[in-house]
Amino acid sequence: MGSLVPGKLGPVLLLRLAVRNLLRNRRRTVLTMITVAFAVFFLHVWNSVLTGLERQSYDNLILYQTAHAKVFHEGWFELRDELPLDRSLDNIDELLMRVTEVPGVAAAVPRIAFQAHLSDGRDQIPVQGLGIETSGSDSDVFRISQAVVEGSYLPPDGYGLLLGSGLARAFDAGPGDWMTVLVRTRTGVWEAQEMEVTGVVLTGNPSIDQNSFLMGLEPARAMLDMDGRATELAIRFAGTVSERSVLERLKEALASDDGLHLAGWREQESEFIALTEVKRGGGLVAMAIFVVVALVGVANTMLLAAFERTQEVGMLLAMGMRAATVRWLFLLEGALTGLGAGALGTLVALGPIFYFAARGIDFSAMFAEDMDIGYPVAGRVFWAVTPAAILVAWLGTAVLAAAATLYAAARASRMKPAEALRHV
Amino acid sequence: MSEPLKDPVVARPPLLGLAWRNTLRNVRRTLLTGSAVVVAAAAVIFMLSYTRGIIANVEDAYALTESGHARITGEGYLDRQRFMPLYLNVPGLGELLPSLRSHPAVAEALPRIRSAVLASNDEMNIGALSMGVDFAREEGYLDPQRMLGEGQLPRPGRAEAMLGAGLAGKLGLAPGDSLTILGQTAWRSFGGLRVEVTGTARSGVAYLDASLILLPLDQAQLLADLPDAATEVLLFARDKEQRDELASLISLDRPIPERLEVRSWRQEGTLLGLMDVARAAWGFFLVILMAMAGLIIVNTMLMAVLERTRELGMLAAMGLRRGSLIRLVVTEGLIIGLLGSAIGAVLGTGVALWVGAVGIDISAAMEGTEFPMGSVIYPDWHWTQVAVAAGLGVATGALAALYPALRAVKLAPAEALRR
């Protein structure tokens, strides 16, 4: 140690001492760091893939199903499983005006969602029908028009069917085929209509792909006895404003009319959001095992160091260094190991993360095209770059590594100077 | 140490004894080294039993509700099964079933009629899945008795039904109430049946609880106008080993009437394929875990070995061969791996059995999904998992000792000469 060691060391000196101790046995330090870096690497990759899946799922829901928010007739949302037509919006134009006047609203469009039976003349199944504006304004809110994988989008007059890809496969039907749509109108009368399939859509969203067909709003209104009505008004927000504030403003704008119910996409999909959190928790259990093994590695190494440095620590204590300072020294060494390992694991993980964030991974190669993998995504899945999570994982590693050193630090500082020196 | 040193050219040095004594020289350090294996082995056993529990859960739920181990249906049914077409059916059950049940590999042959119906309480209609089953024979398979929440099972020959608890709740029906079931017949005309609800069902499979109506087979035959027929016959193997080949055994040994087909559960859908993907992913996970444990062992072993360089050099100078030196150190690693695995096995087995008894409730996660999976996962412990964990632990210990061993033999002679 050279000169006399004061009882309490300044942080800079302590840090230098810790660094030097780590460098004394480089191989051991590097091996420990590699162990921890493994855990950090997998934590980053797992988080990146999962966050990517979640973000893309939420985007998918907004683009194909929920929009940013929807306005329903009072009571419709509670009965949404039944898609009731008798709780529908009228006075659409006036409502549209009120909604689009709200700052932050980019576009709004009426739709009709209804129960229907779809038949190819041989078999029939219950599905969801969606009547959408074909003049173009539906595409201001949703992206159905870009999800057509076969045939073409609905013609301007709205007469035709867009089939979800799963339905098309089940019926073995495609553009040019005729299908029968059987519905009950708003007044409860059965009504059937023959329509030609114009195209097939693949959105990655099972509720569309497996369970829905789309047709023009006007033909749907005529078929369902819903003249001038809609079951929902779907709203898209401008990308630059905060979702919550637009939702607040919309709520105020619609407050005077108590026959309406406004639901943001998070409210509409609260079950799905809860589900993703449960799944994340499940994965976290597996990740925790990695972390525990890594921490066992740190604890081991530091404990070894404590045993090995018995004489040295005894000397320091004999020269008047406080036990607390010795403890801090060991904790600092643990933290530095974690910090270094975090940096290593993060650096290695950034490669694949940035690569797959840009290129994406094609899940459809692994699974059947529209198989439900629990997340509504189609085609490529892009990993997410999450600077905050990366930083938290990195710093968290340092904290946990220091925590893993607690026992070693306590042991080292509890030595009695005289006994420790006896080992000399 | 003394015995082998007496004779400088020991042909077969007692490596095991030496290595054992070396592990005892610094018990504290041995324990530290072993702790990595302990944690990893325990984790491996728990994760293996956990995934085995999940996979068995999914496969069982799928076999019992959907596919059997083999399934006989009308030709072309599987391509259209989303529509549950009644016009593609299995007729002549009176002859077919006894013939199937007499096959030595078949534990049970279960006729079922599946159809999409509307369940109506006179106020509202809800789409539902109606399944006509042979209640007596389904015991131990679909197991209606075990699903029964309230009330009792419907009796054959009577217009009675059992409803999934979720469906009953939506319709506001309880045992004793009556229910109208509207559906199609095999001849595509409209059919209807008024039944008394005798009980509600909690199957543990989320989508079934929300939509299932269980009827006696004869009532379903009445509703579908399909006397002596079913839409499918599920076959279950007597012997677990024969599950995958049951379909081919049956096709070989029993004349399957025309216009029918037999399909193995392995040929059905992508679900079981997904399970194979899951298995591979878990395997990768375990290998990484062991690699991490290995690195920790390398670390401590390296220290133990480098500390003894002089001593190893001495042994080398006295004629112990390079190979023997390496074996000495690797044996030490083996011993540590073995001890660590043993303790880890006890630990992992304890946790797996405990959680296996309690179960992990994932019903919140399964709500609303159509994944055929029970809502409580029970880790499924099996002795082979201990074998895998121990094998991995011992191999890791030995492999991780290899690098320190190689370094030691490289340094040892020089170090010995320097003294």
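This is a predicted model: local features need pLDDT of at least 70, side-chain atom pairs count only at pLDDT 80 or more; totals for chains, interfaces and linings use all residues.
**View 1. Overall form of chain A.** Chain A contains 15 helices and 12 strands. Its radius of gyration is 31 Å, well over the 22 Å that the globule rule gives for 424 residues, so chain A is more spread out than a compact globule. The C-alpha trace of chain A spans about 100 × 50 × 30 Å along its principal axes. Buried residues make up 45% of the 424 residues of chain A. Of the contacts in chain A between residues at least 6 apart in sequence, 83% join residues at least 24 apart.

**View 2. The two domains of chain A.** Domain 1 of chain A comprises 11–61 + 272–422, and domain 2 covers 75–257. Their C-alpha centres are 48 Å apart. Eight residues from domain 1 of chain A and nine residues from domain 2 of chain A form the contact between them. On the side of domain 1 of chain A that touches domain 2 of chain A, four residues are nonpolar, two polar and two charged.

**View 3. The two domains of chain B.** In chain B, the domain assignment gives domain 1 as 2–61 + 273–418 and domain 2 as 70–242. The C-alpha centres of these domains of chain B lie 51 Å apart.

**View 4. Helix α7 of chain A and its cover.** Helix α7(A) runs over residues 217–224, and its buried residues include A:L217, A:P219, A:A220, A:M223 and A:L224. These residues cover an arc of only 165° around the axis, which puts them on the same side of α7(A). Among the elements covering the buried residues of α7(A) are the chain A strands β2 (105–119), β3 (124–132), β6 (178–184), β7 (190–201) and β8 (212–216). After α7(A) comes A:D225, with a positive phi near 60°.

**View 5. Surroundings of A:F330.** A:F330 belongs to helix α12 of chain A, which spans residues 323–359. A:F330 counts as buried because it has 27 C-beta neighbours inside 10 Å, where 20 or more are required. Leaving out residues up to four places away in sequence, A:F330 touches A:M302, A:A306, A:T405, A:A408, A:A409 and A:A412. A:S413 is 83 residues from A:F330 in sequence, yet their C-alpha atoms are 9.1 Å apart.

**View 6. Contact between chains A and B, seen on chain B.** The contact takes 33 residues from chain A and 31 residues from chain B. On the chain B side, α3 (27–67), α10 (271–307) and α13 (363–366) each supply at least two residues. The largest share of this side comes from α10(B), with 12 residues. The chain B residues that touch chain A divide into 20 nonpolar, six polar and five charged.

**View 7. Nonpolar cores.** The largest nonpolar core has 175 residues, and those with the most contacts inside it are A:V293, B:A40 and B:L235. Helix α3(B) gives the most to this core, with 20 residues. Another core, of 65 residues, lies apart from the largest one, and A:L96, A:M179, A:F213 and A:M226 are among its members.

Key: Residues are numbered from 1 along each chain as its sequence is written. Chains are lettered from A and ligands numbered from 1 in the order in which they are written. Two residues are in contact if their C-beta atoms, placed from the backbone, lie within 7 Å. Helices (H or I, at least four residues) and strands (E, at least two) are DSSP runs, numbered from the N terminus. Ala, Val, Leu, Ile, Met, Phe, Trp, Tyr, Cys and Pro count as nonpolar, Asp, Glu, Lys and Arg as charged, and the others, Gly among them, as polar. The radius of gyration is taken over C-alpha atoms; the globule rule is 2.2 Å times the number of residues to the power 0.38. A residue is buried if 20 or more other C-beta atoms lie within 10 Å of its own, exposed if 12 or fewer, and partly exposed in between; C-beta atoms are placed from the backbone. The arc is that of the directions from the helix axis to the C-beta atoms. Domain bounds come from an automatic or database domain assignment. A nonpolar core is a set of buried Ala, Val, Leu, Ile, Met, Phe, Trp, Tyr and Cys residues joined through C-beta atoms within 7 Å.
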